Amino acid sequence: MRLRNRVTLAVTTVTVLTLAAASVATLLLVRREELLDLDRALFAQARLVSRLVSLTDPLHPVLTEGAAEVPEHYEPSTQYVAVYDDNGTPLAWQSFRVVPRLSELGVRKHLPPDGASADLEEDGKSLRAIVIPMRRQPGYSLLYAASREEVDADVVFLGRLYAILLVVASILTIIVARWFGRRLASDVQEIASIARTVAQGDLGARAGERIRGSTETRELAADLDHMISQLSALVVAQRTFISHAAHELMSPLATLRGELQLALRRPRSVQEHEDVLKQALDDVQSLVTLSEDLLTLARAETTAGAPAETALTDLIADATRAAKGGAIARGVAIIERRGEANVQATRVRGARRELSRALRNLIDNAVSHSKTGQSVTIAVGLEGDEARIVVEDEGPGVVPSDRQGIFEPFFRGARERGESDQGVGLGLAIARQIARRSGGDVELDARFGPPGARFVLLLSRALPGADT
Ligand SMILES: Nc1ncnc2c1ncn2[C@@H]1O[C@H](COP(=O)(O)OP(=O)(O)OP(=O)(O)O)[C@@H](O)[C@H]1O
Ligand SMILES: [Mg+2]
């Protein structure tokens, strides 16, 4: 069943049942109160009439003429009177066409002193009767009755009024419940249609202001919008990454193809062929390095952190050894400062190969931004649960406008963008991904330089006693 119909049915059923129960209870209460009022009045009049009955001849009592006073009735009403002997046989009566026997009224032979009440029909009229014992003639009883049409009319009037109210209230409830149900259902339908649109690939869809119902549905819409925004940012980042990667792979491949085509265009000496092959090998090597970088980045983004740990000194030794060749070629010195003695024994969280790669990327950057004769300093320090490896150079430093972007994949600084042999902009992104995977990070110290740049590799210290 649709949500809208379900809400309408539930609300209407509950309201109608509650109203009907309340109406019946009120009706019964009013009827009871009115009958009690009538009984009280009839009882007083019955006592009076009983005193006025002449019992000079007990077998033929004589009744006095009179009229009954019925509550809420302005005109005096016909009084119905009958006197019964101790067998319940009527001896004298007034206004009755057919006198009922006491046993027909359901009244017991031995009446209580306060008498008893009963309902009876006389000539098509409904009467209310009181039967009391006659004190002046033991065993005798007197019946005094009057019309109860006032009470019946009140009950019928109230019953009709309640029935009309019930119908009106039910119609109103159905209208309000349908409106409410439609509103609730339309919010849910709207949210579902947004989810379907997004599933079909349109990441621009938003529920936003269109949801106006309850606080819960508005919150649900806001959460959905937030999720779509996150998803859309992720997709955009992924598309950018793929297009950059394709572009970076294309350029060296195009160069390689050009060189090989040129070499085949005319006959060449063995030496010339050797030179072309060497150049091609260099190009292939840079393609292999780029592919490795891309793989490292992709793996770092998708796999969980490895539970390995590494000695701090090992990873620094590995990274400096790997960066040394480039540094010597540029005439740049690498200076290591180990700092405190306990650095030697410190172990950090993360795999040795990955961490040394992250540090090497920082050292490579420092070296490639240094001039001949300048030096790159690597300093190590411990701070609480962290180990800090600081890589500092004396180069031109990071341009302030580049600071925001340098950790994004394929971001290259304003200075480097024009230079074709300066890398592709993956080094820092890879270093940060590796560090974060092991619970650390890579930061640029913005207070330092220019001139010079300072990058800090933060690593989590491993708990003493744990093994690699
Ligand atoms: N030590 C440094 N001094 C000055 N600028 C730096 C330094 N290290 C990084 N940068 C800036 O950050 C940018 C991104 O560095 P990153 O290492 O990610 O890429 P890359 O060195 O250009 O290329 P790749 O590392 O992929 O070969 C650089 O282009 C440069 O602008
Ligand atoms: Mg780099």
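The notes that follow take the ligand site, the helices and the backbone in turn. This is a predicted model, in which local features need pLDDT of at least 70 and side-chain atom pairs count only at pLDDT 80 or more, while totals for chains, interfaces and linings use all residues. Residues are numbered from 1 along each chain as its sequence is written, chains are lettered from A and ligands numbered from 1 in the order in which they are written, and side-chain values use heavy atoms, with hydrogens and water left out.

**Ligand 1**

- Around ligand 1 there are 20 residues, of which Asn365, Asp393, Glu416, Leu426 and Leu428 come nearest, a residue being near if one of its heavy atoms lies within 4 Å.
- Oxygen atoms of ligand 1 make polar contacts (pairs of N or O atoms within 3.5 Å): one is 2.7 Å from an N or O atom in the side chain of Asn365, one is 2.9 Å from a backbone N or O atom of Gly425, and one is 2.7 Å from a polar backbone atom of Leu426.
- On its own, ligand 1 has 600 Å² of accessible area, and the protein covers 92% of that area (Shrake-Rupley method, 1.4 Å probe).
- The elements that give two or more residues to this shell are α6 (352-368) and α7 (427-437), helices being DSSP runs of H or I with at least four residues and strands runs of E with at least two.
- By residue type, the shell divides into 9 nonpolar, 8 polar and 3 charged, with Gly counted among the polar residues.

**Helices**

- Helix α2 (residues 149-199) has 51 residues and should span 75 Å at 1.5 Å a residue, which agrees with the 73 Å between its end C-alpha atoms; the expected span is 1.5 Å times one less than the number of residues.
- Helix α5 (residues 312-330) has 19 residues and reaches 27 Å from its first C-alpha to its last, close to the 27 Å expected.

**Positive phi**

- Most residues other than glycine have a negative phi.
- Ser95, in the loop between β4 (90-94) and β5 (116-122), has a positive phi near 70° and is partly exposed, with a relative accessible area of 38%.
- Phe410, in the loop between β12 (386-392) and α7, also has a positive phi near 70°, but at 9% relative accessibility Phe410 counts as buried (buried is under 20%, exposed over 50%, partly exposed in between).

Definitions and conventions
A polar contact is a pair of N or O atoms within 3.5 Å; within protein, one must be able to donate a hydrogen and the other to accept it, and residues adjacent in sequence count only if both atoms are side-chain atoms. Buried means under 20% relative accessible area, exposed over 50%, partly exposed in between (1.4 Å probe, protein chains only).
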